[in-house]
Amino acid sequence: MLTLADELALLAYDDDGTRRLGQPALGYGLAGAVLVELAIAGRVEVADKKVVVVSTERIGHDVLDDALTRIADDPLRKPKAWVEKLSKGLTDRVLDGLADSGVLRREQDKVLLVFPRTRFPSPGGVEPPLETEVRARLAQAIVTDGPVDPRTAALCALIRAVQFERTVFTDQPRDLVKRRLQEISEGDWAADATRKAIDEVQAAVSVVLVAAIVPAATS
């Protein structure tokens with residue numbers, strides 16, 4: 001099964017390996033996805049504005065288990081701090097995992113015949129079936145008014161946090177997407193502790209992204 005970070009990474013890249021969500025937004029979004037995944041799995045929660053570990057039981061996924069170990073060894077940091085710390089090198093790890101599992105391909109070439117580059121296109125240049133499933137879940141969440149499962153709601157929150165909704169939901173009216181994402185954000189779709197953690201992580205991703213963008217825009 002794909003993790004939330006895997007799903008966000010697939011959405012962020014075209015089938016030819018072209019990235020559609022730039023850095024640092026992608027890295028922060030993936031870090032947020034890892035924290036959210038740990039919250040949904042009942043491994044962490046947010047208490048007194050800090051990320052705390054409630055269970056150290058391994059999940060069986062290297063990226064998630066490594067993050068859980070780091071949080072357990074360095075407790076009482078705010079979600080914002082963990083988004084920043086976990087984002088470092090995370091994009092490469094997630095893409096490598098997708099390539100190792102055969103969801104994407106790993107291609108190495110050189111830009112201008114000099115600078116090494118690694119790209120991650122989809123096999124055969126067509127959308128991977130797992131990505132198609134993710135997009136179908138998201139589309140269903142937008143066009144219906146019914147309840148949304150926790151994982152899809154969390155992915156919607158992450159897409160919104162990194163300001164990626166216009167790219168992901170290109171086939172839907174902008175007003176509908178905005179309204180529905182707001183409804184999903186405010187919906188009662190998870191246990192209180194999980195919902196609180198996801199809300200805090202979503203806010204943290206938005207804060208660190210704005211903090212990174214503003215200096216770059218004014219320099």
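In which sense, right-handed or left-handed, does H3 pass H4 in their crossing? The tour below reaches the answer at its third stop. Please note at the outset that this is a predicted model.

**Stop 1: the nonpolar core**

Begin by selecting Val-34, Leu-138 and Ile-159. These residues have the most contacts inside the largest nonpolar core, which has 69 residues. As general background, nonpolar side chains in soluble globular proteins tend to be buried together.

Now centre the view on Leu-138, which is found in helix H6. Is this residue buried or exposed? Leu-138 counts as buried because its relative accessibility is 1%, and the cut-off for a buried residue is under 20%. Show the residues around it, leaving aside neighbours within four places in sequence: Leu-138 is in contact with Leu-11, Thr-152, Leu-155, Cys-156, Ile-159, Val-168 and Phe-169.

From Leu-138, move to Ile-159. With neighbours within four places in sequence again set aside, the contacts of Ile-159 are Leu-8, Leu-11, Leu-138, Phe-164, Glu-165, Val-168 and Phe-169.

Then select Thr-152, which lies in helix H7, residues 150-161. Thr-152 has a relative accessible area of 1% and is therefore buried. Not counting residues up to four places away in sequence, Thr-152 touches Arg-137, Leu-138 and Ala-141.

**Stop 2**

Select Thr-3, in the segment before H1. This residue has 6% relative accessibility, so Thr-3 counts as buried. Apart from neighbours within four places in sequence, its contacts are Glu-37, His-61, Leu-64 and Arg-151.

Continue into helix H1, residues 4-12. How many of its residues are buried? The helix is mostly covered, with 9 of its 9 residues buried. Among them are Asp-6 and Glu-7, as well as Leu-4, Leu-8, Leu-10 and Leu-11. To see what surrounds this helix, display H2, helix H5 (90-100), helix H6 (129-143) and H7, against which the buried residues of H1 pack.

The peptide bond that runs from Gln-23 to Pro-24 is cis, and its omega is near 5°.

**Stop 3: two pairs of helices**

In general, two packed helices are described by the angle between their axes and the distance between the axes. Show H2 and H5 together. Their axes come within 9 Å and cross at roughly 70°. The two helices H2 and H5 are therefore roughly perpendicular to each other, and their crossing is left-handed. To view the contact, select Leu-26, Gly-27, Leu-30, Ala-31 and Val-34 on H2, together with Leu-90, Thr-91 and Val-94 on H5. By class, these residues are 6 nonpolar, 2 polar and no charged.

Now hide that pair and show helix H3, residues 62-73, with helix H4, residues 79-87; their axes come within 12 Å and cross at roughly 130°. H3 and H4 are therefore oblique to each other. Here the opening question finds its answer: H3 passes H4 in a right-handed crossing. The contact is made by Ala-67, Arg-70 and Ile-71 of H3 and by Trp-82, Lys-85 and Leu-86 of H4. This contact of H3 with H4 contains 4 nonpolar, no polar and 2 charged residues.

**Stop 4: the loop between two strands**

Finally, select Asp-48, found in the loop between strand S1 (44-47) and strand S2 (50-53). Although Asp-48 is not a glycine, it has a positive phi of about 55°. Is Asp-48 buried or exposed? Its relative accessible area is 69%, so Asp-48 is exposed; the cut-off for that class is over 50%.

Lys-49 also has its place in the loop between S1 and S2. This residue is likewise not a glycine, yet Lys-49 has a positive phi of about 70°. The tour ends here.

Methods:
Residues are numbered from 1 along each chain as its sequence is written. This is a predicted model: local features need pLDDT of at least 70, side-chain atom pairs count only at pLDDT 80 or more; totals for chains, interfaces and linings use all residues. Side-chain values use heavy atoms; hydrogens and water are left out. A nonpolar core is a set of buried Ala, Val, Leu, Ile, Met, Phe, Trp, Tyr and Cys residues joined through side-chain atoms within 4.5 Å. Buried means under 20% relative accessible area, exposed over 50%, partly exposed in between (1.4 Å probe, protein chains only). Contact means heavy atoms within 4.5 Å. Helices (H or I, at least four residues) and strands (E, at least two) are DSSP runs, numbered from the N terminus. Axes are lines fitted to C-alpha atoms, for helices over the stretch in contact, and angles run from 0 to 180 degrees between N-to-C directions. Angles under 35 degrees count as roughly parallel, over 145 as roughly antiparallel, 65 to 115 as roughly perpendicular and the rest as oblique. A crossing is left-handed if the near helix is turned anticlockwise from the far one by less than a right angle, and right-handed if clockwise. Ala, Val, Leu, Ile, Met, Phe, Trp, Tyr, Cys and Pro count as nonpolar, Asp, Glu, Lys and Arg as charged, and the others, Gly among them, as polar.
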